[in-house]
Every structure is written in C-alpha cells, then in structure tokens.
Amino acid sequence: MEFIAACANSFMELFKVGAGVFTGFVTGIIPLVVILMTAVNSLIKIIGEERFYGFAKRATKYTVTRYTIVPVLSVIFLTSPMCFTFGRFVDERYKPAFYDAQVSFVHPVTGLFPHANGGELFVYMGIAAGIQTLGYQLGDLAVRYFLVGMVVILLRGIVTERIYLYMCRKAGRKGQVTDYV
C-alpha cells in the first residue's frame, strides 16, 4: 500500500515541478518572446514590406547570401514555420538546398533570438541550464551557436545544391523541383 501511495505522490510531484517550470516561462521567457516578436514585426513595417522582400529576392541570386543571409533574415523576421515562405524568392533549382539550409538554422538562432522558434527554445534552454550550472555565460553559448549555425547552413546549402543538380543532370532534367514531386 505504501508503494502505491509513494508512486501517487511522485506522480503529483512531477506535475508540480512542471507547473513551476511553466510559471517560470510565463514570468520570464514568454514576455521576452512577445516583445521580440513585436519589435521584429515593427521593424519590417518601418523598413517596408516591399523593400524587405525586394532585398530578399536580390540576395538569393548569390550562393553565399542565398545560404546565409536570406535564411537568417527569414528565420529572425518571420520565425518558424513562416520563414519557409522565403523559398518563393529562390530559383526553382535551388529550392531544395535553400530549404535544407533554412531548416538547419531554426535551432542555432534561438540563443540570440528566442522568438524565432518556440519549439527549439526548450532544447536550447535545457542546454543553457547545464552551461549555467558549469558557470559559463549564456551570451558566449548563444553567439557560438549562431556562428556555427551560419557555417553549417552555408555548407549544407552548397552540398545539397550540388547533389540536387547532379541528380537532375543524371536524370536528364533541368533542375526543376516539380520533376521529383
């Protein structure tokens, strides 16, 4: 009988701990995310949506900016999953690689811009808790995640682009995404 009571108490303790974490989010990270989202959306409105999208279209013409600047801006400004709509600015033959680069950046961005992907924020916060326990600064972690993420998305974009174009040439196609759908 005591075992069952102990299990029931442990079960309830689990939910109490979860409630404590939730309370911490409501008083800590959630207001921060709301303010960041408001600031980013305001910046887009100030810049002007037409100018912002025009810049994105021009930036997709070059390999380096297509797989670094554009995915980063789209994740920061539009957040996940809306950021994937930036694929409309990319030439059809580069869309698979652009998507690969972009989807690879939704985790590294969360340290500096937690509003960008709420689902990944929980992963980052778990890692951050361990880093803080070791006595390290979160700013260092966030910047390193961001910089390594930039390198990774550039490499992934280039490699995926080459693989996709190779597969298209081998199949005798012109590199249209719709050829494989």
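Predicted model: local features only at pLDDT ≥ 70, side-chain atom pairs only at ≥ 80, totals over all residues.

Reader: What is the angle at which H3 and H5 pack, and how far apart are their axes?

Author: In general, two packed helices are described by the angle between their axes and the distance between the axes. Here, H3 and H5 pack at about 150°, and their axes lie 9 Å apart. H3 passes H5 in a left-handed crossing, and the contact is made by Phe 52, Tyr 53, Phe 55, Ala 56 and Ala 59 on the H3 side, with Ile 69, Val 70, Leu 73, Phe 77 and Leu 78 on the H5 side.

Reader: Which residues of H2 are buried, and why do they line one face of the helix?

Author: The general idea is that an α-helix has 3.6 residues a turn, so residues three or four places apart point the same way. In H2, the buried residues are Ile 29, Val 33, Val 40 and Ile 44. Seen down the axis of H2, these buried residues fall within an arc of 45°, so they line one face. They pack against helices H1, H3, H5 and H7, whereas Ile 35, Lys 45 and Ile 46, on the other side of H2, are exposed.

Reader: What span should the 19 residues of H2 have?

Author: At 1.5 Å a residue, H2 (residues 29–47) should span 27 Å, and its end C-alpha atoms are 27 Å apart, which agrees. Just after H2 comes Gly 48, which takes a positive phi of about 105°.

How values were computed: Residues numbered from 1 in each chain as written. Heavy atoms only, no water. Helix = DSSP H or I, 4+ residues; strand = E, 2+ residues; numbered from the N terminus. Expected span 1.5 Å × (residues − 1). Buried < 20%, exposed > 50% of the residue type's maximum accessible area, 1.4 Å probe, protein only. Arc of directions from axis to C-beta. Contact = heavy atoms within 4.5 Å. Axes fitted to C-alpha atoms, helices over the stretch in contact; angles between N-to-C directions. Left-handed = near helix turned anticlockwise from the far one by under 90°.
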